[in-house]
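Dear colleague,

I am passing on the structure below, and my notes on it follow. Please read them with the coordinates open beside you.

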Number of protein chains: 2
Amino acid sequence: MAEDQTPDSTPDEGGFELDRERLRPVQAALEAGDGPALAALLDPLHPADVADILEHLDRRSRVDLVRLYGLAFDGEILSELDESLREDVIAAMAPDALAEAVRDLESDDVVDLIEDLEEPQQEAILDALEAGDRVAVEKSLTYPEETAGRLMQREMVVAPEHWNVGQAIDFMRAHDDLPEQFYHVILVDPRMRPTGYVTLGRIMSHPRATRLSELSEDSFRTIPVLQDEEEVAYDFNHYHLISAPVVDEDDRLVGVITIDDAMAILDEEHEEDILRLAGVGEGSLLDGVFATTMRRVPWLVVNLGTAALAALVIAQFEDTIAALVVLAVLMPIVASMGGNAGTQSLTVAVRGLATRDLTSANAWRVIRREALVGVVNGLVLAVPLGLMTALIFGSFGIGGVIAAALIINLFVAALSGVMIPLLLEKFGVDPALASGVFVTTVTDVVGFFAFLGLAAVVLL
Amino acid sequence: MAEDQTPDSTPDEGGFELDRERLRPVQAALEAGDGPALAALLDPLHPADVADILEHLDRRSRVDLVRLYGLAFDGEILSELDESLREDVIAAMAPDALAEAVRDLESDDVVDLIEDLEEPQQEAILDALEAGDRVAVEKSLTYPEETAGRLMQREMVVAPEHWNVGQAIDFMRAHDDLPEQFYHVILVDPRMRPTGYVTLGRIMSHPRATRLSELSEDSFRTIPVLQDEEEVAYDFNHYHLISAPVVDEDDRLVGVITIDDAMAILDEEHEEDILRLAGVGEGSLLDGVFATTMRRVPWLVVNLGTAALAALVIAQFEDTIAALVVLAVLMPIVASMGGNAGTQSLTVAVRGLATRDLTSANAWRVIRREALVGVVNGLVLAVPLGLMTALIFGSFGIGGVIAAALIINLFVAALSGVMIPLLLEKFGVDPALASGVFVTTVTDVVGFFAFLGLAAVVLL
């Protein structure tokens with residue numbers, strides 16, 4: 001990381017928003033092959049913003065930029081880049097530029113960078129690292145993907161638990177190879193097991209004789225190296241951790257995770273949840289048509305099956321519809337309302353499970369509430385729908401049938417909306433992924449069956 | 001905050017998960033009115049976990065817990081508590097317990113705590129604060145809600161930009177009233193305008209003569225005090241900030257925001273997006289039936305309108321359906337597939353807008369891709385659907401009609417799924433809130449119209 005001070009060129013705007021105006025000069029510099037102009041545009045930017053620019057360029061311009069920017073290409077740009085583009089960009093980099101770029105990264109960033117790359121590219125990057133860093137990275141790669149072991153960095157500051165403030169300060173002042181970023185001193189016992197951690201701020205504000213263990217944070221907790229990264233992010237958010245020591249099976253310190261990495265994971269998990277709820281697999285706006293289609297079709301195929309099931313239900317009532325065609329006009333209303341109400345319940349339930357606000361300790365209370373909400377919603381909406389229908393078609397019979405079917409379907413929608421995610425979670429299936437299909441199948445089938453069935457009994 | 005070291009009782013499990021087993025002893029202590037037993041259960045827990053327990057209890061037990069726990073009730077429990085319960089819990093607290101609880105909170109936490117309370121409760125808390133803290137809190141409350149001014153804390157460490165490492169260390173060592181949590185020293189010019197910031201770690205690892213300005217972080221950027229909190233969270237995530245100085249209109253330093261607060265906002269914004277996409281307003285699992293119904297009914301009413309519109313389309317083809325009842329059986333398939341494909345596109349677009357991956361600089365590229373994906377999905381799914389339909393009903397005509405209608409609807413679904421959120425964003429409407437209604441209305445109307453219209457022309 002450079003040591004010079006480079007305040008952002010537009011600090012007052014509090015952010016850099018990419019639009020066509022910002023992109024145009026970069027494209028012009030690329031077309032002109034003007035290296036100095038490109039550097040003048042990119043050098044003042046944060047690596048995250050350069051990564052944004054790369055993501056917004058077409059493939060050829062992307063390669064041009066990488067080549068023209070050359071040795072000035074910061075390793076952090078690679079870290080910030082969307083995963084789907086990293087391979088392309090790295091392939092476009094000259095070997096010396098790549099080596100230069102990755103050498104300044106911290107070990108956790110290198111791990112994040114190379115874990116999804118193909119073997120030859122992994123090797124190229126590992127070869128560029130200094131021996132010590134290479135060992136650290138290779139060690140991290142031995143832990144399973146999406147665990148704390150992959151997230152942690154090995155650069156940290158450790159002190160024996162019996163030290164006092166003065167000893168800690170003298171130790172740090174005597175070392176000029178401390179990590180670039182650290183906010184805590186981790187206290188360990190003689191077997192390297194963490195027993196607490198102290199913020200640098202607390203060290204600075206206490207007398208030299210104060211024992212470090214007296215200053216340890218209340219929020220101190222360790223993270224098992226094999227813990228799932230989603231749990232890690234949850235803990236950071238829940239307990240407001242800034243950094244946390246990572247321990248192996250024997251409780252010995254092996255690394256440290258900092259909040260910025262946890263924040264990135266939290267963001268990814270949210271993305272995953274929101275996309276899964278919509279039946280869109282992981283992927284990015286940058287993927288091509290083929291990759292996108294391949295991700296979306298499976299869910300549409302499943303939906304084709306459930307729609308066919310709904311059609312099968314309708315088919316049982318062909319005679320009823322033939323006798324009273326208006327039923328075909330009205331039946332999608334009941335199904336559509338059920339689908340929407342079910343989606344409302346299921347989203348609240350899926351979100352509650354993700355934030356752990358919905359647990360076995362309050363599941364029944366939430367189920368009871370949803371069921372009641374379903375009935376109340378049904379009553380509230382059935383009255384105007386029933387009356388309107390009766391008026392328009394001049395039949396209180398048909399108004400009563402659609403009102404009753406709506407109440408039944410909204411009740412079933414609310415109940416299945418909360419119970420299906422709970423059941424899926426219980427059986428270890430991600431509720432965000434699968435709940436939607438089940439719930440809308442239920443509301444379609446029940447909606448058509450209740451409406452047409454009641455009509456067959458009451459009206460014919 | 002207590003100064004003693006209280007490691008979590010179950011550090012190896014890396015988290016505290018609330019279930020019925022964990023709740024039972026608490027309920028038992030409450031029923032027995034056993035204060036010491038309750039304290040023994042709650043004292044070792046993190047305030048966030050005590051808040052979880054409160055959220056899982058019924059209303060009466062909640063009040064019992066607050067009264068029985070008395071003066072031991074930590075102010076941070078209030079901060080961690082779901083907003084919908086804070087008023088109840090504060091009302092149940094004895095005045096001296098409340099005063100004791102809020103006195104140790106930092107100014108930003110007090111602001112977060114009281115901004116949604118009613119006047120008398122606000123007053124009670126403000127009265128409990130020391131004069132200096134009260135002024136800080138009241139100052140923050142003068143900024144609009146959901147801005148940086150409400151998020152920032154006023155406790156910070158500032159140094160003149162010309163200082164060197166030695167001066168900064170001596171300054172900090174001479175002051176024992178430094179903030180509880182701080183990670184950076186903010187550099188300011190003579191007019192109190194921030195010009196950089198230095199991590200404590202860098203200060204510790206450099207010689208006394210090094211100028212602080214040489215150690216300033218590359219990522220340095222200031223946040224305008226009126227900036228929207230959503231933008232603040234985006235900046236922290238995008239630029240990996242740990243803390244950032246907040247400035248007024250004259251660029252003068254007024255406070256500092258730390259990453260843990262930004263992470264909480266990021267989490268809230270995600271929650272808002274996911275709930276809005278499902279047509280569920282803000283709210284919590286803890287709300288009652290009435291509040292929940294009031295939040296969900298408006299969206300269902302809107303959906304009733306759009307479903308009526310779809311019914312109106314079908315009504316135009318009553319004669320067609322009467323002549324060929326099987327059309328009523330098949331028509332929901334086309335509409336349902338369109339609804340799902342539209343939801344896929346719109347979720348990707350809404351998410352892309354939230355993460356700023358979708359901007360004016362690449363909107364046309366994304367629109368073209370979605371349109372192509374729509375056509376390809378349509379072709380892929382229309383073939384099996386058309387063949388199956390033709391086989392089952394013994395008519396290639398009907399198979400052809402449903403296949404053609406599906407292709408049309410999936411194309412329209414993909415296009416409207418991405419263009420409607422873009423248009424809403426352009427007109428300043430939150431795309432997460434409103435896109436769903438518009439897109440499913442389009443896919444319903446187009447789905448029924450294409451299928452029944454084609455059938456009327458081709459089959460009759």
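Is strand β2 (residues 184-188) of chain A mostly covered or mostly exposed, and how many of its 5 residues are buried? The model is a predicted one, and in it this strand of chain A is mostly covered, with 4 of its 5 residues buried.

The strands around β2(A) come next. Strand β1 (residues 158-160) of chain A runs parallel to β2(A) and is joined to it by 3 bridges, with A:P160 having A:V188 as its bridge partner. β2(A) and β3(A) form a hairpin with 5 residues between them, and A:M192 in the turn has a positive phi of about 65°.

In chain B, 3 strands form an open sheet of mixed pairing in the order β4-β5-β6. Because β4 (223-224) and β6 (253-258) of chain B stand at the edges with a single partner strand each, one side of each is left without a neighbour in the sheet. Helix α15 (residues 259-277) of chain B packs on this sheet, touching β5 and β6 of chain B, and its direction makes about 65° with that of β6(B).

As for the interface, 119 residues of chain B are in contact with 119 residues of chain A. Helix α18 (residues 326-354) of chain B gives the largest share of chain B's side, 16 residues, and that side divides into 59 nonpolar, 36 polar and 24 charged residues.

With best regards

Terms used:
Residues numbered from 1 in each chain as written. Chains lettered and ligands numbered in written order. Predicted model: local features only at pLDDT ≥ 70, side-chain atom pairs only at ≥ 80, totals over all residues. Contact = placed C-beta atoms within 7 Å. Helix = DSSP H or I, 4+ residues; strand = E, 2+ residues; numbered from the N terminus. Nonpolar A, V, L, I, M, F, W, Y, C, P; charged D, E, K, R; others polar. Pairing = 2+ DSSP bridges. Axes fitted to C-alpha atoms, helices over the stretch in contact; angles between N-to-C directions. Buried ≥ 20, exposed ≤ 12 C-beta atoms within 10 Å, placed from the backbone.
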